[in-house]
Amino acid sequence: MSERRACRVVRQWRGTQRYLPLRRADEDQLTQAILALAAKYGRYGYRRITVLLRDAGWQVGKDRVQRIWRREGLKVPQKQRARGRLWLGDGSCVRLRPERANHVWSYDFVKAMTHDGRALRILVVIDEYTRECLALRVARRLGSLQVIENLADVMLVRGIPEHIRSDNGPEFIAEELRKWLAKLGTKTLYIEPGSPWENGYCESFNGKLRDEFLNGEIFYSLKEAQILTERWRVEYNTERPHSALGYRPPAPQAILPKPGHGNVENKTRFPHSHTPDGDYGFLSNKALH
């Protein structure tokens, strides 16, 4: 029987009998690099892993990374196991579209809890245009006075936004906060009740915060939650590839200063609600006006 006829009988192309797959010299090293990144960034897919590989110096395309990704059985898990950190065991839109940095900020609250079941509140502040997370304040309780304190700290470093978007939570519609923002010249944008999609930029960030960080951590104390949350914020701003920015981080060159510090001599002056001892619980009405 001829070779051609034999190939027809088994329904297999002759090319498959002669083709020898080529294995690149760097295949093993690339595979190990992909596995290491997949282990470190468990919620990233192969596209973001490709960007991180290129940043590390690999000349590789997403198709090759996808092939290795599938071969190794990698995928983004639907659920992830929460991790405990034991090293801190000492108790220790009708929507205005953003057009430039500081044009529109948005803020919201995200809930979490410590291992003992006590509640945590996280104040999220982002710049909608740059997608940069400007603040993640973690505390047991956060009211309108604490919102003012944290916004003031961010504005000392970043400047004053033209608009700020939020839902209609009691902390955001408080009279003291609205008066303070009006004195700065910042216009408030309140979304329609029951319409979180009108605050889409912040809601999208909140989803990433929960999926990539909160769902994978166990906090044993408030201090631990504050440290890990701030570390994740810096990583989000400076390392995490953002798909809406062409897989670039929001602020790749930024070494974010701590709130309340920096060159503020040329900043626009505005009323600041700090007390001398930094006590958030005893702000006077005079300090807000």
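Author: Let's start with M113, which sits in strand β2 (residues 104–113). Strands are DSSP runs of E with at least two residues, helices are runs of H or I with at least four, and both are numbered from the N terminus. Before going on: this is a predicted model, where local features need pLDDT of at least 70, side-chain atom pairs count only at pLDDT 80 or more, and totals for chains, interfaces and linings use all residues. Residues are numbered from 1 along each chain as its sequence is written, and side-chain values use heavy atoms, with hydrogens and water left out.

Back to M113: I218 is 105 residues away in sequence, yet the two C-alpha atoms are 8.5 Å apart. Skipping residues up to four places away in sequence, M113 touches R118, A119, L120 and F219, where contact means heavy atoms within 4.5 Å.

Next, R240, found in the segment after α9 (222–238). R240 counts as buried because its relative accessibility is 3%; buried means under 20% relative accessible area, exposed over 50%, and partly exposed in between, with a 1.4 Å probe and protein chains only. Beyond its neighbours within four places in sequence, R240 contacts Y44, R48, K208, E212, E235, R248, P249 and P250. With one of these, E212, the side chain of R240 makes a polar contact of 2.7 Å.

Now the helices. Two packed helices are described by the angle between their axes and the distance between the axes. The axes of α6 (residues 144–158) and α7 (residues 175–184) come within 9 Å and cross at roughly 25°, so α6 is roughly parallel to α7. Roughly parallel means under 35 degrees, roughly antiparallel over 145, roughly perpendicular 65 to 115, and oblique the rest. From α6, the contact uses S144, V147, I148, L151, A152 and M155; from α7, it uses E176, L177, W180, L181 and L184. Sorted by class, that's nine nonpolar, one polar and one charged.

The other pair is α4 (residues 46–55) and α5 (residues 62–71), whose axes come within 9 Å and cross at roughly 120°, which means α4 is oblique to α5. Here α4 brings Y46, I49, T50, L53 and R54, while α5 brings K62, V65, Q66 and W69. By class, the α4 and α5 contact has five nonpolar, two polar and two charged residues.

Methods: Axes fitted to C-alpha atoms, helices over the stretch in contact; angles between N-to-C directions. Nonpolar A, V, L, I, M, F, W, Y, C, P; charged D, E, K, R; others polar. Polar contact = N/O pair within 3.5 Å; in protein donor to acceptor, adjacent residues only side chain to side chain.
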